[in-house]
Amino acid sequence: MKWEIKTEDIHTSFRDEVEELSGESFGACYQCGKCSAGCPIAFAMDHGPTKIMRFCQLGMEDEVINSDTPWLCASCQACTTRCPREIDIAEVMDALRIIAKRRGIKPRTDPDIALFAEIFLSNLRWFGRIYELGLVGEFNLLSGRFFKDFGKAPAMFLKRKLALLPSNPFKWGKVREIFKKCEKMKEGEGRE
Ligand code: SF4
Ligand code: SF4
């Protein structure tokens with residue numbers, strides 16, 4: 001697809017915002033494409049990581065902030081480890097999610113992706129590791145999809161892939177401490 005870049009599409013303040021939040025510099029990216037080539041989710045993204053990096057370099061806020069790519073990113077860090085310029089692309093994706101959240105922008109493909117991400121983190125915070133039954137239950141309740149994946153539960157129970165109770169409660173506090181430390185660090189950096 002050929003892009004026509006207009007002056008009004010370029011927002012240097014957006015580029016600066018992402019750079020400050022992520023701590024990464026886009027100027028180093030020379031568009032080699034290794035990040036997109038190694039991304040396991042690129043097939044489902046509207047713009048691959050390489051294109052997102054180019055848009056960020058140019059400050060093309062609308063293209064980036066309305067893209068589903070940051071929401072689909074699984075934070076696997078394959079792109080980060082492959083980048084010859086040592087840019088932490090996964091961190092950039094994190095920053096883009098934070099900015100989208102600040103602006104109240106939800107993923108186009110499925111607005112509940114943002115809800116799932118929030119519930120996932122709060123589940124991890126409370127139980128020390130993911131308690132799947134609680135995660136699915138809360139997500140189904142809050143998204144209004146009450147019976148989503150309900151039929152898969154019996155087989156998962158039988159294969160011991162779904163526990164009735166959360167794991168070791170003695171480890172819960174440690175993970176909460178990690179969350180608290182991260183929040184303090186983010187406060188210091190002015191992040192949400
Ligand atoms: S791997 Fe690094 S240098 Fe190459 S396109 Fe991606 S961000 Fe840019
Ligand atoms: S961290 Fe995100 S963008 Fe990077 S390779 Fe993994 S899924 Fe793709």
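Trainee: Is N168 buried or exposed?
Mentor: A residue is buried if 20 or more other C-beta atoms, placed from the backbone, lie within 10 Å of its own, exposed if 12 or fewer, and partly exposed in between. N168 has 9 other C-beta atoms within 10 Å, so N168 is exposed.

Trainee: What conventions apply here, and where is N168 found?
Mentor: This is a predicted model, in which local features need pLDDT of at least 70 and side-chain atom pairs count only at pLDDT 80 or more, while totals for chains, interfaces and linings use all residues. Residues are numbered from 1 along each chain as its sequence is written, and chains are lettered from A and ligands numbered from 1 in the order in which they are written. Helices are DSSP runs of H or I with at least four residues, strands are runs of E with at least two, and both are numbered from the N terminus. N168 is found in the loop between α10 (153-158) and α11 (172-189).

Trainee: What distance separates the C-alpha atoms of N168 and F127?
Mentor: The two residues are 41 residues apart along the chain. Their C-alpha atoms are separated by 8.2 Å.

Trainee: What separates the centres of domain 1 and domain 2?
Mentor: The bounds come from an automatic or database domain assignment, which gives domain 1 (7-102) and domain 2 (112-185). Taken over C-alpha atoms, the separation of the two centres is 28 Å.

Trainee: Which residues come nearest to ligand 1?
Mentor: A residue is near a molecule if its C-beta atom, placed from the backbone, lies within 6 Å of it. The elements that give two or more residues to the shell around ligand 1 are α2 (34-38) and α3 (49-58). Of the 15 residues around ligand 1, those that come nearest are C29, C32, K34, C35 and C83.

Trainee: Which element gives the largest share of the shell around ligand 2?
Mentor: Of the 14 residues around ligand 2, C39, C73, C76, A78 and C79 come nearest. Two or more residues each come from α6 (78-82) and α7 (89-102). The largest share, three residues, comes from α7.

Trainee: Which residues of α3 are buried?
Mentor: α3 is mostly covered, with seven of its 10 residues buried. What covers them includes α1, α2, α4 (61-65), α5 (69-72), α6 and α7. The buried residues are P49, T50, K51, I52, M53, F55 and C56.

Trainee: Is Q31 buried or exposed?
Mentor: Q31 lies in the loop between α1 and α2, and its phi is near 60 degrees, a positive value in a residue other than glycine. With 12 C-beta neighbours inside 10 Å, Q31 counts as exposed.

Notes: Contact = placed C-beta atoms within 7 Å.
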